[in-house]
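I opened my notebook to get to know a new structure. Here is what I looked up, in the order I wrote it down.

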Amino acid sequence: MARKKIIAGNWKMNTTASEAAALAKDVVGAVSGAADVDVVVCPPYVNLSAVAEAIKGSNVKLGAQDVHWEAKGAFTGKVSCDMLKAVGVDYVIIGHSEQRQYFGETNETVNKKTKATLAAGLIPIVCVGETLEERESGKMDGVLESQTKGGFDGISAADAAKCVVAYEPVWAIGTGKTATSQQANEAHIFIRSILSKLYGTDTAGAIRIQYGGSMKPDNAKELLAQSDVDGGLIGGAALKASDFAGIVQPK
Ligand code: PEP
């Protein structure tokens with residue numbers, strides 16, 4: 001099944017509003033010719049409006065780095081799906097390993113956020129991935145299985161087909177260590193097999209699985225050429241428009 005590639009930039013806690021708008025404009029210019037790829041930028045919450053304005057009328061879509069599952073109320077510091085929609089967000093990164101590692105994200109909260117995001121008509125990018133210790137001690141498959149099953153628990157096949165999954169081996173994030181294209185593809189095939197057990201092969205075959213972890217212009221082409229690598233979730237290299245564009249359209 002042909003899956004349209006999707007490249008998303010996770011800007012993390014970087015950029016002021018003016019820096020974000022400038023970077024977004026540079027990205028728009030650099031990827032304007034990329035018709036066959038979905039391109040998404042995910043700035044910090046406070047810069048979503050500035051970036052929405054900067055990408056207006058372009059092929060670049062807006063994403064958020066997190067969301068809260070409740071609609072409103074006494075949840076200091078949190079932002080709801082409706083708030084994100086109101087500023088033009090289409091995609092939401094959920095369960096990033098930094099959220100899991102530093103801010104208590106669990107498979108249960110990933111699941112609640114994924115359900116809320118889908119109910120609001122937003123597209124979740126559900127992140128899964130093993131640590132180095134889990135990989136080296138043979139626990140990788142179990143971790144990927146429980147994160148995938150946990151994240152998708154109670155979600156219908158029709159909704160699951162709208163989701164994007166990001167496979168991000170924790171040991172490759174921000175470290176300069178990239179999974180080899182073979183390691184990445186094996187993990188993607190494994191994740192798709194879990195989705196297949198949950199939803200059948202047609203739905204699993206429709207779900208796009210991005211790779212994330214030190215993806216750069218010089219390794220993107222090979223990673224993106226793999227059978228089950230349907231795009232990238234990009235951290236560091238998303239902060240420079242020319243590098244990001246070099247992943248969107250690798251040479
Ligand atoms: C990420 O944090 O989603 C990521 C993939 O980061 P980097 O590209 O910097 O490894």
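**Entry one: Lys 4**

I began with Lys 4, which counts as partly exposed because its relative accessibility is 39%; buried means under 20% relative accessible area, exposed over 50%, and partly exposed in between, with a 1.4 Å probe and protein chains only. Lys 4 is in the segment before β1 (5-10), where strands (E, at least two residues) and helices (H or I, at least four residues) are DSSP runs numbered from the N terminus. I also looked up Ala 238, 234 residues away from Lys 4 along the chain, and their C-alpha atoms are separated by 20 Å.

**A note on the model**

This is a predicted model, so I kept in mind that local features need pLDDT of at least 70 and side-chain atom pairs count only at pLDDT 80 or more, while totals for chains, interfaces and linings use all residues. Residues are numbered from 1 along each chain as its sequence is written, and side-chain values use heavy atoms, with hydrogens and water left out.

**Entry two: the ligand**

Which residues are closest to the ligand? I found 14 residues around the ligand, the closest being Lys 12, His 96, Glu 168, Gly 174 and Ser 214; a residue is near if one of its heavy atoms lies within 4 Å. By class, this shell has 4 nonpolar, 8 polar and 2 charged residues.

Next I looked at oxygen atoms of the ligand. A polar side-chain atom of Lys 12 lies 2.5 Å from one, and a polar side-chain atom of His 96 lies 2.8 Å from an oxygen atom too. For Gly 236, a backbone N or O atom lies 2.8 Å from an oxygen atom of the ligand. Taken alone the ligand exposes 290 Å², and the protein buries 97% of that; the areas come from the Shrake-Rupley method with a 1.4 Å probe.

Most residues other than glycine have a negative phi, so I noted the exceptions. Thr 15 is not a glycine, yet has a positive phi of about 85 degrees. I placed Thr 15 in the loop between β1 and α1 (17-30), and with a relative accessible area of 23% it is partly exposed.

Ser 214 also has a positive phi, about 55 degrees, and is not a glycine. Ser 214 lies in the loop between β7 (208-211) and α11 (217-224). Is Ser 214 buried or exposed? I wrote down buried, because its relative accessibility is 10%. Ser 214 was already in my notes as one of the closest residues to the ligand.

How values were computed. Polar contact = N/O pair within 3.5 Å; in protein donor to acceptor, adjacent residues only side chain to side chain. Nonpolar A, V, L, I, M, F, W, Y, C, P; charged D, E, K, R; others polar.
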